[in-house]
Structures are given as structure tokens and as C-alpha cells.
Amino acid sequence: MSSEPTGADAAPSTRAHCAALDAADPLARFRDRFVLPEGVIYLDGNSLGALPRHTAARMREAVEREWGQGLIRSWNDAGWFDLPRGLGERIAPLIGARPGETVVCDSTSVNLFKALTAAVRLRPGRGAVVAELGSFPTDLYVAEGVSGLPGGPERRLIGRDGAELEDLLDDQVAVVLLSHVDYRTGRLHDMAAVTEQVHRHGALMVWDLCHSVGALPVRLDECGVDFAVGCTYKYLNGGPGSPAFLYAASRHHAAASPALTGWFGHADPFAFEPGYSPAAGAGRFLVGTPPVLSFAALQASLDVWDEVDLAALRAKSLALTGLFIALAERLGLEVVTPRDGERRGSQVSLRHPDGYAVVRALIERGVIGDFRAPDVMRFGFTPLYLSFCDVWDAAEILADVLATESWRAARFALRAAVT
Ligand SMILES: *Cc1c(COP(=O)(O)O)cnc(C)c1O
């Protein structure tokens, strides 16, 4: 990764320079593949990706032809039954998986439960799960639930304030769960080094890829990762609540036994046998009937991803985030995200004591970012549909909101249910 530009120091210093970068951008053509509302600069594709232009037509086809006309025949005729595995094969190149190692099903939270319980059972006699205190809370809650199972493992947390992973690793640790990119700060872990470190202690590694898939190239197989999970509604643009994916390295397939078993993970679901026998391969991580209509939207979003060069994506992501970091620093804002490109994902987080109100004021001006308690303003940069001029303009609006203190208006202090 050392040849990657780190961005912030080489950032353009005029809007004309940004326009020149846009004119030379090999990914610029993708913007037209998305529906984006007029007057909006969308910096929240890391929370809910934008709508691909042809998704509505694909969903209409799934509803009207496959469901309406095909009815139950579509499980075979339209390939519904094969979708969890087939979509897994389409996500595989984005995460560096080999064929047969990825399935699409359930939510990230549920897949995490399956991955963690499978990992714990692959390390009998080891009684601890290690997670990171600053993780996205659902990861901590699932780890807590797994720990609370009868005979379940003890839970150990890496501290927020720098307690080292190495200090927690001993021969009692069965599995380590970490987010590749931290949802709040954008910090990127060195997947190869951390996985190797965990393996040195005999434990298994589960990575949460929610903020890396579609944001940067991921190399699960090359890094020797055991299990991974991630969602498809953020950078992948699969639509609100679109199903998540689960990766299981093939070397674990035969012995993996997740604690959530259902008929879609059975070797022969339509034999209707009373006893469970797991399907071969990653298919044993499937549980129940898949959400076919949500799959239709995901299929459409993956049509776009089929065409994307991930190296170009990463280069543009670093340049966009580098530009925003440079502009934010010129405003005197505290940048939480690492300046070193090798250590950051595709977002920029800024700290401000009144961050919630500032984000609300920005949204009213058409710059959509989000806020993560207690004081982090978070901006996601999606190289497929953002331009350098967008980043420049967003920073100008941020400068104006701060200079005029327009965020102080009372209406911006009211908390909505979803921040
Ligand atoms: C978004 C996100 C999730 C979401 O989990 P769901 O089960 O889809 O709600 C999980 N983990 C991380 C790190 C996330 O960023």
C-alpha cells in the first residue's frame, strides 16, 4: 500500500484544480448510474448508499414478473433458491474471497452471531472472546450474547484508550472480533498483520467489513482470515435493510457448526427430515427463507460493482478524503480520522462540541453527513458518485455554517430518532 497517495498534503487548493481532477477522473462516469437529488451533496453513503438508477426497474421485474406471474415457480425458474450463494459469488471479488466461501443472508448482527459461535466451537477448551470497546455497538452486544450462552466464553474488551490487543491474547482466547474500519473514526486496521498476530496465539479472527466493503479492496483469503461479515446497504448501495454477507474460509467448512441452524442451511432442505445435517460449504450458515425482493435491489447494485476497478476506487477515495481533511484543518477543526492514508477508510470524522447541531445545519444546506455521539461529525466519501468539486463545495458550506454560527438556531438542537 506504500505507493498509495496519502492525500492530505497533496490536496488541491482551488476549485479549478478540483474541476481538473474531475475531468481526469476514471470513475466519473459512474455518477450517472445513480439517482441523486438536486442540490444535495451526499456524504452519508457509508450509512445508506445511494440508489442505482436501474434498481427500480429490476425490483419491478422481480415483483411483477417473478412474483406476480411466476408465483411459486420462481423459486426454480427465476433462480430464487440459488440467490444466497449466487450473490455471495458476486461479492467475493470485492472482499478477496475464493469461490464457495461467501453467502448473502440475514443481517450483519445475525451473521456475526453465527460466525462467533462457529469460531468458538472450533476452539474447544478456550473460553474467551476478544472485542474492541469502541466497536459498533451491535458487535459488542452480539459478543455479549454469545458470552452469555450456557457454557459460553468469557468476554474481554480491548480498551478504547489504547489497551493493546497483545495484552489480551493468551491460550484462552478462542476468537477475536474487530472492525476493519472503525465506524466512528475511520481508522483502518492492518488486516494481514492483526490476523497473523491472532493466529500466532492460536485464536481465530472474525472481521466486520461493514465500512470496508465497497470502500477499499479487501483481501480475506490472502490475509488468512477465518470469518468475516458485512452489510450491503452502505458502500454497496443494496438499499435500506438489504441482506448482509458472511464469509467462512473453506478450511473451516467441514467442521464449522454455527449455533443458529435452520432449514436453508440443511444439506437437503426439501427432504424435510426431522434431524439437522449441515449443507456442504458456506451454505451451512444459511438459516431461513431469504428476502427475495431485497435481493433484487442488491442484484442491481452489484451490476454496477461488476464494472468497478477497486484500485482506482481506493486511489480516488484517498484523494477525496485527503482533500476534505486538508480543508477541515484549514478551518481549524479537529480531525479524528488518521491523516495517514494507509490507516484510514473512506470517511472523515471531525470533532466539534456542538457536532449534532452543525450536522443538522449542514443537512438543511444540502450537505448530508451524520453524527455519532458524543461529538463526532461523520462524512462518508463514496468514489462512485462524488466529485472533487462536491468535496470542495461541502467544505465551503461547512466553513459558512461555522463562520456565521447558523447552527445555533434552536431547531438544530432537537434530536431526531435516527442520527
Ligand atoms: C452498520 C454496521 C452494522 C450493522 O449491523 P446490522 O445488523 O445490519 O444492523 C454492524 N457492524 C458495523 C461495524 C456497522 O458499521
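Q: Is N237 buried or exposed?
A: Buried means under 20% relative accessible area, exposed means over 50%, and partly exposed lies in between, with a 1.4 Å probe and protein chains only. N237 is buried, as its relative accessible area is 4%. This is a predicted model, in which local features need pLDDT of at least 70 and side-chain atom pairs count only at pLDDT 80 or more, while totals for chains, interfaces and linings use all residues. Residues are numbered from 1 along each chain as its sequence is written, and side-chain values use heavy atoms, with hydrogens and water left out.

Q: In which loop is N237 found, and what is its phi?
A: Most residues other than glycine have a negative phi, and most peptide bonds are trans. N237 sits in the loop between β9 and β10, and its phi is positive, near 70°. The element names follow DSSP runs, numbered from the N terminus: helices are H or I with at least four residues, strands are E with at least two. L71, also not a glycine, has a positive phi of about 50°. L71 belongs to the loop between α2 (55-69) and α3 (74-77), and is partly exposed at 49% relative accessible area.

Q: Which residues does a cis peptide bond join?
A: The cis bond is between A373 and P374, with omega about 5°. P374 lies in the loop between β14 (370-372) and β15 (376-380).

Q: What is the strand order in the open sheet of 7 strands?
A: Strands of a sheet pair through backbone hydrogen bonds, either parallel or antiparallel. Here two strands count as paired if DSSP finds at least two bridges between them. The order is β4-β10-β9-β8-β7-β5-β6, and the pairing is mixed. The edges are β4 (102-105) and β6 (154-158); each has a single partner strand, so one side of each has no neighbour in the sheet. On average, neighbouring strands of this sheet are turned by 20° against each other, direction ignored. For such angles, axes are lines fitted to C-alpha atoms, for helices over the stretch in contact, and the angle between N-to-C directions runs from 0 to 180 degrees.

Q: In which sense do β7 and β8 pair, and what packs on the sheet?
A: β7 (residues 173-179) and β8 (residues 204-208) run in the parallel sense, with 5 bridges. V175 has L204 of β8 as its bridge partner, and V176 stands opposite M205 in β8. Helix α5 (residues 108-121) packs on the sheet and touches β4, β5 (128-132), β7, β8, β9 (227-230) and β10 (244-248). Contact here means heavy atoms within 4.5 Å. The direction of α5 makes about 170° with that of β9.

Q: How many residues of β8 are buried?
A: In β8, 5 of its 5 residues are buried. L204, V206 and D208 lie on one side, M205 and W207 on the other, and both faces are covered.

Q: How many disulfides does the structure hold?
A: A disulfide is a covalent bond between the sulfur atoms of two cysteines. The test used is a pair of cysteine sulfur atoms within 2.5 Å. The structure holds 0 disulfides. For C18, the closest cysteine sulfur is that of C389 at 5.5 Å, which is too far for a bond. C231 is in no disulfide either, with the nearest cysteine sulfur, in C210, 3.3 Å away. C18 is buried at 0% relative accessible area, and C231 is buried at 1%.

Q: Which residues are around the ligand?
A: A residue is near a molecule if one of its heavy atoms lies within 4 Å of it. Around the ligand are S107, T108, S109, F136, T138, D139, S179, D208, C210, H211, Y233 and K234. The side chain of Y233 has an N or O atom 2.7 Å from a ligand oxygen atom, and a polar side-chain atom of D139 is 3.1 Å from a ligand nitrogen atom. T108 has a backbone N or O atom 3.4 Å from an oxygen atom of the ligand.

Note on methods: Polar contact = N/O pair within 3.5 Å; in protein donor to acceptor, adjacent residues only side chain to side chain.
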